[in-house]
Amino acid sequence: MTDIRKYETDIVVVGAGNAAMCAAISARENGASVMVLEKAPEAEKGGNSTYTHGSIRFAYDGNNDLKQIMPDLTAEDFAITDFGSYTEEEFFHDMCRMTEYRTDPELASLLTGNSFETMKWLVSHKVRFVPIYGRQAFKVDGKFKFWGGMIAESVGGGPGLVDSLHEEAARLGVHVLFDAMATELIHDDDGVHGVIFKHNRKTTEVRAKAVILASGGFHANPEMRTRYLGPKWDLAHARGSRYNTGEGIQMALNIGAIACGNWSGCHSVGGDRYLPEFTEGFQRLSYPFGIIVNSEGKRFVDEGADFRNYTYAKYGKLILEQPGQFAWQIFDQKVSGLLREEYRGKQVTKVKAKTLKELAEKLEGVDNEEFLRTVKEYNEAVTKNIPFNPNEKDGRCTEGLAVKKSNWANTLDEGPFEAYAVTCGITFTFGGLKTNTKAEVQDVLYQPIPGLYAAGELVGGLFYFNYPGGAGLMAGSVFGKIAGENASRYSHQVKEKKEIL
């Protein structure tokens, strides 16, 4: 029998996305040697982080705070932009109301309270941010106004964020192995001591004083989706990384970790009906400015219930529940200029028509007569005396409909009309491992498993039912940093103990 290849390090991090690399950088700057195991090849590194726009939610008190995060902002930028403020209390309240008050209050408090300092920490490690003018602000009366509590994204989007973190980790001396799939935690009664993994399909192991799991959830595993989320979730379009298949969670459960959080819930969005899985450009998120109809030609959701980044992560589930698991988003020319960039391009399933009757005939799989009846009733129900304002919840609603539209209700009466076919796309799962405020993984007795830490999407307890846009990247950064700090501290204690012995 051939001996397997063996490595040794202070800390091994499983995963190489935002949470994982924040953990690796944090552990390294606190004096630990660090090895990162990335299941994907180098060209696909970064997990779901690579597939994001890099939008990140954090608390800030005003322009002076933003200048610390985005030092390139000029006086002219501030003159033409109302960035407003977004306090820790508002962030915490959003976490509570989006999750129907089920979020773990200690973890949510850490997330919201540490968000600004963590942003400064990211900037200190050469991650750059810019305002999200294209998706989070509209220009009204000559001035951009941001809405929905999210104002910044990483330069280069998700890929730019991941590249910046990897470059910084390399500069600090973090060792990253690609094509390295973790399969088992090395453990005994004293805790976790490393990871067995397949490197280029060869069984390998790395001995370590602590392990940080940050390998994402199970959104790309249709078997686990169906087992935990329920029927039809195997039919959902898988977005993001194809490598997030749940092994990190399972490895921890196998050694006695306790499951936590909303295992039947996930981040799911509406996106193009026919794009292949794991493809960028899937999302179609300008629905607040139009209506959404199912195959029966009926509306089934309040498109204007709240700002897009407070509803988009739960509306995919509602589309999945419709006959045939699809719907159509409908817009007229009054709002076509407000549609996000993703509505333009070659990989878009759309139809266009000069009249509503002509549009109805082009809506594949939709009851034409019922659709026209729905639009007629909707147009008659719009409260036209309230001004339309895309930058705020304007109260321009419908009256008397079974399914109300609460804001941004405009009549559909100016052709040409546009319609976009959408289905459900799953982004990440909400269930995972239970951790404490030190990012230590808890066992079934609610005690920390010595030497085992976790961060990112495989941590349960933060998100239930829904989530505020941009909170996922922020959670990965906050808890990745915390995991790195505490794992490094633990590794030093193990070293000192061995030296005494």
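Predicted model: local features only at pLDDT ≥ 70, side-chain atom pairs only at ≥ 80, totals over all residues.
Residues are numbered from 1 along each chain as its sequence is written, and side-chain values use heavy atoms, with hydrogens and water left out.

- Asn391 sits in the loop between α12 (368-381) and β19 (417-429); helices (H or I, at least four residues) and strands (E, at least two) are DSSP runs, numbered from the N terminus.
- The side chain of Asn391 reaches the backbone oxygen of Phe138 at 2.8 Å.
- Val174 is in the loop between α7 (157-172) and β9 (175-177), and it counts as buried because its relative accessibility is 9%.
- Val174 and Ala27 are 147 residues apart along the chain, yet their C-alpha atoms are separated by 9.5 Å.

**An open sheet**

- The order β3-β8-β5 describes an open sheet of 3 strands with antiparallel pairing; two strands pair if DSSP finds at least two bridges between them.
- At the edges you'll find β3 (55-56) and β5 (129-131), each pairing on one side only.
- Strands β3 and β8 (residues 152-154) run antiparallel and are joined by 2 bridges.
- Look for Ser55 and you'll see that its bridge partner in β8 is Glu153.

**The second largest pocket**

- The second largest pocket holds about 400 Å³ of space. On a 1 Å grid over the protein atoms alone, a pocket is an open set of points where a 1.4 Å probe fits, with protein on both sides within 12 Å along at least five of seven lines, and lining residues have an atom within 4 Å of a point.
- Of its 14 lining residues, the closest to the centre are His193, Lys209, Tyr490, Val494 and Lys498.
- β1 (5-14), β11 (191-199), β12 (202-213) and α13 (471-500) each supply at least two lining residues, and α13 gives the largest share, 5 residues.

**The annotated domain**

- According to UniProt (unreviewed entry), residues 10-471 carry the feature "domain: FAD-dependent oxidoreductase 2 FAD-binding"; such annotations may be inferred rather than shown by experiment.
- Over residues 10-471, the chain is 26% helix and 24% strand, with the end C-alpha atoms 30 Å apart.

Definitions and conventions
Points joined across faces, edges and corners; volume = space filled by probe spheres on them. Polar contact = N/O pair within 3.5 Å; in protein donor to acceptor, adjacent residues only side chain to side chain. Buried < 20%, exposed > 50% of the residue type's maximum accessible area, 1.4 Å probe, protein only.
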